[in-house]
Amino acid sequence: MSFITEEDIYTVVEGLMTAIFREILNLEITTPFPRLTYAECISRFGVDRPDRRFGLELVDVTDLVAGTDFRTFAEVAAQGGIIKAIHGKGLARLPRKELDELTGFVGIYGGKGLAWIKLTPSGWQSPLAKFFTPEQQKALNARLEAQEGDLLMFVADSPPIVHTALGQLRLHLGKKENLIPPDTYDFCWVTHFPLLEYDPEEKRYMAMHHPFTSPVHEDLDLLTTDPGAVRARAYDLVLNGNEVGGGSIRIHQRPVQEKVFAALKISPEEAQQKFGFLLEALEYGAPPHGGVAF
């Protein structure tokens, strides 16, 4: 599609989805679909294709637990890690055996442990309780909106491990505890993915989507100073926690394309050899363009 922006893509796709659901399932779906940035998805759901049909969202409690006497939390915070929690309403009924199984589950995703707190009529029931003052307990309960009968679960580590481990635990509990309402369809757009991701083995940045995805205009200067912080004009369509479509606005100017190639450590010679036809075409005034694939 030529001479378009993200808004045009969203309008066409939402119209198509509305027509399909009306025709096939006789259902009216609500538009416009909510939009969440990649950063927001990772922060709240631990994954970049969020299932928003149930709660158990991730909550950052690093600032509240860093100064406590619980050494694991204090050390992780001191080393630049984070501590996040999910709040299971009514899940204090889970027996110790199941909590041990959940600890093993987060271990699959790199979590070194799962700290937990049950809120009982007599207060906190947890191996952690003795490390927290009454004021600290009160602050944590308030942040997590926890009440009697609830279960709080914590992972402390580097941000990628915390998000992956708790994000997968959230999905696991959602299914296991039947928290997902049946016959519901929740669409959302995920936007502003990172343009590049660092590959430690290759010791260079790689394109997260593909090397022809347009950077967000305001982030162009970061390509030379902080490539990992550059956001892409890429978008995914997510339905019930599954990516069902995706695409991007493409680069349509040669200087921008050359800047991206340089950030990817593709030399001018290699760029000319592999993509000379494209670079030449862009010189003649390619229109702003983009697309989507399901």
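This is a predicted model: local features need pLDDT of at least 70, side-chain atom pairs count only at pLDDT 80 or more; totals for chains, interfaces and linings use all residues.
Asn 240 sits in the loop between strand 10 and strand 11 (242-249). With a relative accessible area of 14%, Asn 240 is buried, because buried means under 20%. Setting aside neighbours within four places in sequence, the contacts of Asn 240 are Asp 51, Arg 53, Thr 184, Tyr 185 and Asp 186.

Attention then turns to a pair of helices. The axes of helix 9 (residues 254-263) and helix 10 (residues 268-283) come within 9 Å and cross at roughly 155°. The two helices are therefore roughly antiparallel to each other, since angles over 145 degrees count as such. Helix 9 contributes Arg 254, Gln 257, Glu 258 and Phe 261 to the contact, while the residues from helix 10 include Phe 275, Leu 278 and Leu 279. By class, 6 nonpolar, 2 polar and 4 charged residues make up this contact.

Helix 9 also takes part in the largest nonpolar core, which has 25 residues. Leu 195, Leu 196, Leu 223, Val 260 and Phe 261 touch the most other members. Among the elements giving two or more residues to this core are helix 2 (38-45), strand 7 (187-191) and helix 10, but the largest share, 4 residues, comes from helix 9. Beyond four places in sequence, Val 260 touches Leu 195, Pro 211, Pro 215, Leu 223 and Ile 251. A second, separate core of 21 residues includes Leu 56, Phe 105, Trp 116 and Leu 173.

Key: Residues are numbered from 1 along each chain as its sequence is written. Side-chain values use heavy atoms; hydrogens and water are left out. Axes are lines fitted to C-alpha atoms, for helices over the stretch in contact, and angles run from 0 to 180 degrees between N-to-C directions. Angles under 35 degrees count as roughly parallel, over 145 as roughly antiparallel, 65 to 115 as roughly perpendicular and the rest as oblique. Contact means heavy atoms within 4.5 Å. Ala, Val, Leu, Ile, Met, Phe, Trp, Tyr, Cys and Pro count as nonpolar, Asp, Glu, Lys and Arg as charged, and the others, Gly among them, as polar. A nonpolar core is a set of buried Ala, Val, Leu, Ile, Met, Phe, Trp, Tyr and Cys residues joined through side-chain atoms within 4.5 Å. Buried means under 20% relative accessible area, exposed over 50%, partly exposed in between (1.4 Å probe, protein chains only).
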